[in-house]
Amino acid sequence: MTAVRSTRRDILVGLIGRGIAASRTPSMHIAEGKAQGLHLDYRIIDMDAADRCHLTLKEILEQVEREGYRGVNITHPFKVEVIPLLDELSVNANAVSAVNTVVFDNGVRRGHNTDLRGFTESFRREFGSRPHQHVLLVGAGGAGAAVAHALVDCGVRKLSLYDIDRGHAESLADHLAGKAAGVSVNAVADLAAVIAEDRPDGLVNATPMGMANRPGSAVPPSLLAPQIWVIDIVYFPLETELLRAARARGCHAVNGEGMAIFQAVRAFELFTGLPADPDRMRATFESFGRPTPDTPGAGVLNGDDLEIQDRRRRQDSLGLSNRG
Ligand code: NAD
């Protein structure tokens with residue numbers, strides 16, 4: 001295969017993951033690159049595709065590096081698996097023990113975690129310098145770990161971690177212990193008791209509950225009260241059952257769009273060395289709600305994305321689609 005050496009204004013990047021055909025990330029990067037006069041191509045590298053499903057993550061990483069990619073975003077299920085394949089980790093990637101962005105720099109592979117920055121930036125823009133004493137984080141998986149670190153960075157003094165798998169909450173609590181002096185982090189077993197007795201200022205859903213293929217809410221709506229703010233980092237769809245219930249009860253409710261945009265903003269900066277315009281990237285992200293005549297359905301939000309994704313995966317497995 002011919003190597004495509006990137007020049008400064010000619011940048012090739014991509015996204016490695018499974019079932020990612022409907023991701024909005026490529027459009028955000030391509031539109032931002034275009035607006036900045038770059039020739040930026042962002043390719044979907046779906047490891048479920050028929051021509052790749054026999055490859056290992058190590059092989060695909062070697063391939064993209066050989067082909068002149070400036071870097072790649074890494075998503076489910078490779079954010080942890082990629083770590084031993086890298087030469088260096090950023091402070092945030094090291095703290096979270098997960099990588100969602102890899103930059104290739106003259107033979108050195110650097111891993112970053114832009115989910116953490118994505119949540120921090122979006123949280124600060126939403127709440128400003130308002131203090132938050134106690135936050136309940138529901139879901140202690142990969143994204144939950146990034147959110148937990150971000151909440152500590154944002155000055156939260158007490159963090160309660162709940163996960164249906166108690167071990168996940170306990171191991172994240174252990175991991176966070178000592179990160180910030182004076183911050184108390186505890187795995188909790190009873191969601192209702194924490195909300196009723198410990199009265200958190202806010203709660204964050206970092207479980208997949210509420211996604212189009214995981215309907216429902218990890219937090220029973222009856223536990224919500226107007227003084228508790230609610231963030232749901234799910235963005236597939238943006239309006240989850242939890243957020244609907246939160247709004248109905250008068251809570252300040254925030255969706256996962258900001259985190260998704262700001263993680264992409266940071267990744268763009270890492271790939272190109274140039275600052276990205278968050279408003280422009282937001283406009284591209286939001287354009288997914290408006291299907292265009294030449295891409296019927298490609299921009300549909302709210303669950304249809306998953307059907308399109310499934311359809312494309314079926315096409316991939318039949319060798320009908322030719323992407324990346
Ligand atoms: P993950 O599988 O690594 O972790 C999910 C965690 O939730 C697991 O620990 C699981 O045990 C727990 N869980 C599942 N159901 C639960 C329930 N009913 N109650 C309590 N805990 C439960 O997944 P992840 O990578 O952390 O992603 C979680 C969600 O975050 C996904 O929906 C993903 O799309 C979203 N996400 C959003 C952004 C963004 O930019 N907005 C970024 C990353 C991930």
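Q: Which residue takes a positive phi in the hairpin of β5 and β6, and how many residues lie between the strands?
A: Asn106 takes the positive phi, near 50°, and the hairpin has 2 residues between its strands. Most residues other than glycine have a negative phi. The model is predicted: local features need pLDDT of at least 70, side-chain atom pairs count only at pLDDT 80 or more, and totals for chains, interfaces and linings use all residues. Residue numbers start from 1 along each chain as its sequence is written.

Q: How many helices and strands are in the chain?
A: The chain has 11 helices and 12 strands.

Q: What makes β5 and β6 a pair, and in which sense do they run?
A: Strands pair if DSSP finds at least two bridges between them. β5 and β6 (residues 108-112) are joined by 5 bridges and run antiparallel. Val102 has Gly111 as its bridge partner in β6. β5 also pairs with strand β3 (residues 71-74), in the antiparallel sense over 3 bridges. There, Gly71 has Val103 as its bridge partner in β5.

Q: Why is strand β5 (residues 101-105) described as largely enclosed?
A: A residue is buried with 20 or more other C-beta atoms within 10 Å of its own, exposed with 12 or fewer, and partly exposed in between; C-beta atoms are placed from the backbone. In β5, 4 of the 5 residues are buried, so the rest of the structure largely encloses the strand.

Q: How do you know that both faces of strand β10 (residues 202-205) are covered?
A: In a regular strand the side chains alternate between the two faces of the sheet. Gly202 and Val204 on one side of β10 are buried, and so are Leu203 and Asn205 on the other. Strand β7 (residues 134-138) runs parallel to β10, with 4 bridges joining them, and Val138 has Asn205 as its bridge partner in β10. Strand β11 (residues 229-232) pairs with β10 in the parallel sense, again over 4 bridges. Val204 has Ile231 as its bridge partner in β11.

Q: Which residues have the most contacts inside the largest nonpolar core?
A: They are Leu137, Val147, Leu161 and Val230, in a core of 87 residues. The largest share, 9 residues, comes from α9. A nonpolar core is a set of buried Ala, Val, Leu, Ile, Met, Phe, Trp, Tyr and Cys residues joined through C-beta atoms within 7 Å. Leaving aside neighbours within four places in sequence, Leu161 has contacts that include Leu137, Ala148, Leu172 and Val185.

Q: From which domains does the shell around the ligand draw at least three residues each?
A: They are domain 1 (10-112 + 260-317) and domain 2 (116-255), with bounds from an automatic or database domain assignment. Of the 28 residues around the ligand, Gly139, Gly141, Ala143, Gly256 and Ala260 come nearest. A residue is near if its C-beta atom, placed from the backbone, lies within 6 Å of the molecule or strand.

Q: What is the make-up of the shell around the ligand by class?
A: The shell has 15 nonpolar, 10 polar and 3 charged residues. Ala, Val, Leu, Ile, Met, Phe, Trp, Tyr, Cys and Pro count as nonpolar, Asp, Glu, Lys and Arg as charged, and the others, Gly among them, as polar.

Conventions. Two residues are in contact if their C-beta atoms, placed from the backbone, lie within 7 Å.
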